[in-house]
Amino acid sequence: MSQRQVLQVFEQYQKARTQFVQTVAELATRSQNIETLQNAGVMSLLRPLLLDVVPTIQQTAALALGRLANYNDDLAEAVVKGDILPQLVYSLAEQNRFYKKAAAFVLRAVGKHSPQLAQAIVDCGALDTLVICLEDFDPGVKEAAAWALGYIARHNAELSQAVVDAGAVPLLVLCIQEPEIALKRIAASALSDISKHSPELAQTVVDAGAIAHLAQMILNPDAKLKRQVLSALSQIAKHSVDLAEMAVEAEIFPVVLTCLKDSDEYVKKNAATLIREIAKHTPELSQLIVNAGGVAAVIDCIGNCKGNVRLPGIMMLGYVAAHSENLAMAVIISKGVPQLSICLSEEREDHIKAAAAWALGQIGRHTPEHARAVAVTNVLPVLLSLYMETESSEDLQVKVLPHDSKARRLFVTSGGLKKVQEIKAEPGSLLQEYINTINNCYPEEIVRYYSPGYSDALLERVENYQPVL
């Protein structure tokens, strides 16, 4: 056999390996192929190709592994059990930018499924190498590393702390300042995932100077970036008064209110969530939001959207109103009550109806004047009809009725009291307690009058009555 023929054997073998990994990577993009690939033992066949002498074969093998591991935790588990992770971590430090991106993708695909799989990535020393990748010259490598770190951090506080301890946060803050939009998005998302678990983790992000840079991006034209920026600020502000005040001091008001009119539903929702997380802490923070026009803007936003997008805005109004009579009155003056009543009637999901009922309860509970503002929107019959379906909306009758004679009268004339008497509640149940609370707002004979069978009992008494002549 000549030298040329020997070389041809190797060329053919290389071509076969190249074709194999490319075909597997392509097949792995379609879910219907995954089970067949898994049953054919594809994981053990790909593993040696990660060490191939040809760089494109290594990269494509890693890409195929990532796509497979991304599908389900069984395949991700197979990556861990096949001792593939140490090889990936080693190559992440040594290889070119294409391989680094593919290797970081595999780590992300494995780590996303569960805390246990994410922990396996931490245990094989991947965090230090991923953090080094955040300093890579290539923005695509930085993005792939930030994505993997965010997916590890999102599971719980311990994993998030491990990402922080590896030194990721200052570098992620640098990444949000880079010109590439995709890198900004992923870095902001990772900072959000780190911040969400505890005040201490959020403080780490704040100490790295993240808030000022995030606040500057609130008006960025890219909707996906705005979503992540608003989410990160929410996850920081939710933990404490101090952290919420830091967000406010970065002058996010009134600019954040423009996001409530954004065409992207998630931008609207995340903006309302951020405002809610600030408003809930203190009357002073709520007052600041009122002064900036935040309550009116949130009410408009609730009117212009549907479903879960409405939820944070509804709850924000409840939090503001709960703080004081004056703040509740600010919600009333901004026409919050009619809008909440519409939500109560329009929405199908129980949890959104319950939130609207809760918010109305927070508005109506302060004084007779507040209670009247809620009662005149004719919301009580709506609540009563919900009462018949679910126990999620008891809050309001209990809080509104005792305060105001007009509300009590309206409740009777609208048929509400009659409906309450028709409810068959278990003795001693929570529902029975609420019915008793409502009944205690009325004279006993009125309650009896609207009880089922009262008219029959009354006629029977008339028939049996023996007049004294």
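How many positive and negative side chains does the protein chain have, and how far apart do the centres of the two sets lie? There are 42 positive and 52 negative side chains, and the two centres lie 6 Å apart. The model is a predicted one. Its protein chain contains 33 helices and zero strands. With a radius of gyration of 31 Å, well over the 23 Å that the globule rule gives for 469 residues, the chain is more spread out than a compact globule.

**Overall dimensions and surface**

- Taken along the principal axes, the box filled by the C-alpha atoms of the protein chain is roughly 135 × 50 × 35 Å.
- The protein chain has an accessible surface of about 22000 Å², and carbon and sulfur atoms account for 51% of that surface.
- Of the 469 residues in the protein chain, 51% are buried.
- When contacts between residues at least 6 apart in sequence are considered, 70% of them join residues at least 24 apart.

**Loop between α17 and α18**

- Helix α17 covers 241-249 and helix α18 covers 255-258, and Pro 254 lies in the loop between them.
- The peptide bond leading from Phe 253 to Pro 254 is cis, and its omega is near 0 degrees.
- Glu 251 is also placed in the loop between α17 and α18.
- Glu 251 is not a glycine, yet its phi is positive, at about 60 degrees.
- Most residues other than glycine have a negative phi, and most peptide bonds are trans.
- Glu 251 has a relative accessibility of 62%, so it counts as exposed, the cut-off being over 50%.

**Loop between α23 and α24**

- Lys 335 sits in the loop that links α23 (325-333) and α24 (336-346).
- Lys 335 has a positive phi of about 65 degrees, although this residue is not a glycine.
- The relative accessible area of Lys 335 is 59%, and therefore the residue is exposed.

**Loop between α30 and α31**

- Ser 429 is located in the loop between α30 (416-422) and α31 (430-439).
- Ser 429 counts as buried because its relative accessibility is 19%, and buried means under 20%.
- From C-alpha to C-alpha, Ser 429 and Val 131 are 56 Å apart in space; along the sequence, Ser 429 and Val 131 are separated by 298 residues.

Terms used: Residues numbered from 1 in each chain as written. Predicted model: local features only at pLDDT ≥ 70, side-chain atom pairs only at ≥ 80, totals over all residues. Heavy atoms only, no water. Helix = DSSP H or I, 4+ residues; strand = E, 2+ residues; numbered from the N terminus. Buried < 20%, exposed > 50% of the residue type's maximum accessible area, 1.4 Å probe, protein only. Rg over C-alpha atoms; globule rule 2.2 N^0.38 Å. Contact = heavy atoms within 4.5 Å. Areas by Shrake-Rupley, 256 points an atom, 1.4 Å probe, with all protein chains shown as cover. Lys, Arg positive; Asp, Glu negative; His and termini not counted. Charge placed at Lys NZ, Arg CZ, Asp CG, Glu CD.
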